Amino acid sequence: MGLLLQLAIEISSDLELDPTLHRIISAALTLTGARYGAIGVWGSDGLLTSFVHDGMDDESVERIGHLPVGKGILGELRERTELLRLDDLTQHPASAGFPDGHPPMRAFLGIPIRIREQVFGSLYVADDRVGHSFSESDEVTAQALASVAAVAIDNARLFEVTRIASLWTSASREITAAILSDGKHFRPLQLIAERVCELTEAEQAIVLFPEDADQPADEVDTLVVSAAVGRYADEVLGQRIPVEGSTSGSVFRSGEPLITETFRKPIQAFTDVGERPAVVAPLCADGQSLGVLVVARSVNAPRFGTEYLNLVGDFAGHAAIALTIDRARHYAAELALLGDRERIAHDLHDQVIQRVFAVGLDLQGAIARIREPELAQRLSRSVDELQAVITEIRSTIFNLQHPADSGEGLAARIHTVFDQLTSNRDVAATLNLTGPLSIIAPELAAHTEAVVTEAVSNAVRHSGADKITVSIAVGDNLSIVVTDDGSGIPADNKRSSGLRNLARRAESVGGVFRLSDVESGGTQLIWRAPLTAE
C-alpha cells in the first residue's frame, strides 16, 4: 500500500509517460515477485504504439529486435474487460510463440488498462521459473497498478492533446501575423505547407490553388501545385490536377477533409511514390473553397488518427481566413490606387491642360501682333511644343483611367508575343501558363512581357534550336523558365545588352536571373520575382 501511494503521488506531478510507466512496472515486479513485466499502450489502429518493459538485459533486448506490435497473447487483452491469469501461457490458443532470443515465459498475468470504459493499454507480468504461478493477491495488486497506470496514461494524453493544440494554434497565429506584416519576401502558401508538414511529422506537404484565383469555385476545373515542401518538392511544384475525378478536387468541391492512402488521380512525385497515409483538407473561408492542403507521411510512418481531421482541417481554415484577409487588403490597395489615378487624371484635365491651353492661346494672340519674323517663328514653335505637351498629358490621362490589365490581358499579351516570335519558324514551340496570373501587379506584368519577348527572341534567332519551351508559373512568386535544345549562347553574347537588361529587371523587383547550359544540350533561362513589390 505504501508503494502504491508513493506511485500515486509521483504521477500527480510527472507528465512524462514512459518514466512513470517504468516506475509502475518496477513496482509490479517487486509486489508480485515476477521476473518480467511490461505495459503496452494501444494506438487508434489497434497496434501497440508504446511498450515499456523491465526484467530483460540489454543483450536480450538487442537479440529480440523490434518490440511487439500487439499480436498473440498480448493482443488478447485488447478485447477483454477482465484480467487474464495463466500458469503456462504457451498452452493458450492465442499464443503465437516468441521471437528468437526471447527468454521463455510460463506464468502470465495481464490486465487491461481502462480509461472511461475504454481500453487504452495493458499491464503484463510474467515468469519463466518452473512451478511459479501468480496468486489472487497478485491479481489485486495488478488491478491496483493498472488503475495507477490508467491515471498516468490519461494525464499524459490530456497533456499531449493540450500541447499539440497549442502548437497548431501558434502556427495559425504565425501565418496570420506574417500575412499582416507586409513582409516583402513572405510567401504565405510556402509557410502554410512548411508548418503543416512539421506539425504532422509528414514527409511531404503541398498546397493546390486554382489557376485563376478570382474564378468562382464552382467554375474551377484545374488545381495547380503552388507550394511544396519535403521530398521531390521541385518536381511536384507546378503540376496541374483536374478537379473532376481527383481526390483533391472532391475535397475542393465538398469542403470536407478526409484521410486516405490512395488518390484517384496520382500526382507525380507525390502520391505516385506508393500508398501511404495522407490528409487532404480544404482551404475554406466564408463558405468558399480557395484551395486544398495535402500532407503525406512516409510509407512506414504511423497512420493518421481521426483527430488529425480536426487538427489539419482547423489549421487549413485559419490559413484560408488569413489568405482571404490578405486578398481583401490587396483589392483595397488596388481600389485606392485606382481612386488616386482617377483623381490625378481629373486634376490634369481640369487644371493643367486648361492652363497650358490658355497660355498657348495668349501666345497665338501675341504672334499676330509681332512684326519681327524671327521672333514670331520662335513663338510659333513654342505654341507647337505646348500642343505636344497637351497631347502627352491627354495620353497620360488615358493611361491613368485605363491601366493595362494584369490578369487575362497579360495572358493574352503573352500568347500574342509568343505567336509573333515563333510562328512560321522551323522550331517546335510550347507555352505553359500555370497559376493565377490575375494577381500579378501591372508593373510586374510589364516586366513579364518584356522578359518573355527578349528570351524567346534570343532563343529563336541565336540558338538554332529545334524545340523551345516557355513556362510561366504563378505561386508564391513569379517564375519564368525558357528552355531550348540549341547550341547554347556563344561566349561573346553572354554579356549582350539584352541579357544585361533581363538582369537589371530582376534586380529592380528583388528577383533573380540565371542563365545556364543544359547537360543534354541547349540553354535554360530562369527569371524569378516575388509577387510583392520591393
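Predicted model: local features only at pLDDT ≥ 70, side-chain atom pairs only at ≥ 80, totals over all residues.
Thr 222 has a relative accessible area of 14%, so it is buried.

Where does Thr 222 lie? Its place is in strand β7, which covers residues 222-230. The side chain of Thr 222 also makes a polar contact of 3.2 Å with the side chain of Asp 221. Leaving out residues up to four places away in sequence, Thr 222 touches Phe 209, Pro 210, Glu 211, Arg 240, Ile 241, Pro 242 and Val 243.

## The whole chain

The chain has 534 residues, and buried ones make up 43% of them. Its secondary structure comes to 13 helices and 16 strands.

Take the contacts in the chain with a separation of 6 or more: 61% of them are between residues 24 or more positions apart.

## Helix α2

Helix α2 runs over residues 17-32. Does its length agree or disagree with what 1.5 Å a residue predicts? Its 16 residues should span 22 Å, and the C-alpha atoms at its ends are 22 Å apart, so the two agree. Just after α2 comes Gly 33, with a positive phi of about 75°.

Several residues of α2 are buried, among them Leu 17, Thr 20, Leu 21, Ile 24, Ile 25 and Ala 28. Here is a handy rule for reading a list like that. An α-helix has 3.6 residues a turn, so residues three or four places apart point the same way. Pro 19 also lies in α2, but its relative accessible area is 35%, so it counts as partly exposed. The C-alpha atoms of Pro 19 and Val 52 are 9.0 Å apart, although 33 residues separate the two along the chain.

## The loop between α6 and β6

This loop sits between α6 (188-199) and β6 (204-210), and Glu 203 has its place there. Is Glu 203 buried or exposed? With a relative accessible area of 19%, Glu 203 is buried, since the cut-off is under 20%. Not counting residues up to four places away in sequence, the residues it touches include Cys 197, Val 229, Gly 230, Arg 231 and Arg 276. Ala 296, Arg 297 and Ser 298 are also among the residues that Glu 203 touches.

Glu 201 is in the loop between α6 and β6 too. Its relative accessible area is 65%, so Glu 201 is exposed. Glu 201 also has a positive phi, about 55°, although it is not a glycine.

## Another positive phi

Asp 286 is not a glycine either, yet its phi is positive at about 55°. You can find Asp 286 in the loop between β10 (278-285) and β11 (288-296). Its relative accessible area of 78% means that Asp 286 is exposed.

## A nonpolar patch on the surface

Which residues form a nonpolar patch on the surface? They are Leu 180, Ile 321 and Ile 325, which together have about 250 Å² of accessible area.

Zoom in on Ile 321, which lies in helix α9 (residues 307-369). Its relative accessibility is 44%, so Ile 321 counts as partly exposed.

Technical notes: Residues numbered from 1 in each chain as written. Heavy atoms only, no water. Helix = DSSP H or I, 4+ residues; strand = E, 2+ residues; numbered from the N terminus. Buried < 20%, exposed > 50% of the residue type's maximum accessible area, 1.4 Å probe, protein only. Polar contact = N/O pair within 3.5 Å; in protein donor to acceptor, adjacent residues only side chain to side chain. Contact = heavy atoms within 4.5 Å. Patch = residues over 30% accessible without salt bridge, like charges linked within 9 Å, V, L, I, M, F, W, Y side chains within 5 Å. Areas by Shrake-Rupley, 256 points an atom, 1.4 Å probe, with all protein chains shown as cover. Salt bridge = Lys/Arg side-chain N within 4 Å of Asp/Glu carboxyl O. Expected span 1.5 Å × (residues − 1).
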